[in-house]
Amino acid sequence: MTTPPPSVLEPVEGVRDPDLLEIVEKARGSVAYKATLAFVRASQAKRDAESEARDKLVVLKAEAAAERARLPRNARRRDMVREVIENEPAAPENIQHIHSVLALCGLPYREPKGVTNVSREYGRNTLAINAGRLINPSTGEMEMQGLPYGPKARLLLLHLCTEAVRQRSPKVEVAQSMSGFIRDMGFPVTGGERGTLKQFKEQLNRLAACSMQIGLWDGTRASTLNVPPFRQMDVWLPLHNHPDQGLLWSSTITFHREFYDNLIQHALPVDIRAARAFAGSARKLDLLFWVGYRLSRLERPLRLTWDNLYKQFGSENGSIRSFRQEFRKDVAHLTEVFPRLRLTLDDGGMQLLPSDPKDLLVPPKAALANRRARARA
């Protein structure tokens with residue numbers, strides 16, 4: 001028996017696709033006809049549901065893209081980062097590191113005027129930074145550098161600490177030009193007096209010249225580490241004064257050995273995709289690092305008053321009232337990127353709750369993760 005061509009296949013209720021109609025036609029008159037018809041109708045219904053779901057997804061994506069396009073630039077970046085992090089688990093190349101004390105205590109947010117040293121405290125940890133001198137590659141003279149500050153200094157430290165941890169060496173292989181690093185951090189590469197090349201160069205010089213005191217206390221033993229972060233850093237002038245060359249820096253940067261050893265013991269992992277979302281704000285970067293550190297080690301609810309938060313993040317705010325207004329915005333931006341974070345603000349301050357590892361900014365230490373798993377079992 002010859003199967004009729006698709007153009008003359010008899011219509012069947014609930015079936016439209018030609019290949020399914022052909023299956024029904026072949027089974028017509030056989031003992032398996034009813035079973036075949038039921039199977040084909042179910043197949044058609046499944047195809048229709050999948051097609052409808054795809055159409056809805058296309059519409060939703062178009063609506064989301066249109067809505068995102070209407071957002072301000074920074075809000076648009078946060079929304080894009082949230083989508084990426086939710087749909088793409090962090091791969092090893094996404095994880096970077098910074099010294100946990102630098103993450104908890106932080107550098108100044110703005111340039112300290114007229115001072116050569118600052119100190120920040122957080123619980124049992126202390127960071128004191130002293131400005132130093134650096135040789136000018138143009139004149140060969142030693143010149144006083146200011147204190148490192150702001151988001152660019154933090155991003156530089158994040159990048160350099162990461163390379164030291166990854167390579168397991170105080171002698172770090174780095175990019176051949178500042179331009180590549182700036183692009184990787186999501187900034188445009190621009191020259192001139194106000195360009196990003198000059199801004200990153202200035203913070204790199206300040207970091208290279210400064211010395212740090214890192215104070216650690218575990219409740220029974222206190223230790224103070226007095227070291228400059230870097231033992232050696234070579235910086236050259238742009239080749240032929242060509243602006244596209246950027247400011248070249250050495251292929252190697254050598255950390256002070258004691259700083260490096262302490263970094264390996266106290267390195268805090270950070271998802272670089274989230275860091276890029278807040279690359280323009282020093283306090284949001286500090287909040288990202290701090291919340292990730294706290295939640296990754298939290299085993300019971302933690303309550304912090306507004307006074308606690310003000311001491312941690314409000315050192316450069318004129319009043320606690322203005323700090324509370326700004327800090328609420330910063331936390332709202334953080335939870336835009338990580339909407340499942342168990343973090344709330346109220347009139348009394350902040351509450352942090354233990355979180356599932358997949359919802360954390362940084363992965364918990366293995367021992368703590370194992371204890372949590374046993375507690376849930």
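In this predicted model, arginine 206 counts as buried because its relative accessibility is 6%, and buried means under 20%. This charged residue is part of helix α7, which spans residues 196-209. What does the side chain of arginine 206 make a polar contact with? The partner is the side chain of glutamate 111, at 2.8 Å.

Helix α10 (residues 282-297) and helix α12 (residues 320-337) have axes that come within 10 Å and cross at roughly 65°. The crossing in which α10 passes α12 is right-handed. On the α10 side, the contact is made by Arg283, Lys284, Leu287, Leu288 and Val291. From α12 come Phe323, Glu326, Phe327, Asp330, Val331, His333 and Leu334. Sorted by class, this contact holds 7 nonpolar, 4 charged and 1 polar residues.

Stepping back to the whole protein, the secondary structure comprises 13 helices and 14 strands. Of the 377 residues, 44% are buried, and arginine 206 is one of the residues that count as buried. Contacts between residues at least 6 apart in sequence can also be sorted by separation: 65% of them join residues at least 24 apart. Finally, the accessible surface of the protein amounts to about 20500 Å², and carbon and sulfur atoms account for 51% of that area.

Note on methods
Residues numbered from 1 in each chain as written. Predicted model: local features only at pLDDT ≥ 70, side-chain atom pairs only at ≥ 80, totals over all residues. Heavy atoms only, no water. Axes fitted to C-alpha atoms, helices over the stretch in contact; angles between N-to-C directions. Helix = DSSP H or I, 4+ residues; strand = E, 2+ residues; numbered from the N terminus. Left-handed = near helix turned anticlockwise from the far one by under 90°. Contact = heavy atoms within 4.5 Å. Buried < 20%, exposed > 50% of the residue type's maximum accessible area, 1.4 Å probe, protein only. Areas by Shrake-Rupley, 256 points an atom, 1.4 Å probe, with all protein chains shown as cover. Polar contact = N/O pair within 3.5 Å; in protein donor to acceptor, adjacent residues only side chain to side chain.
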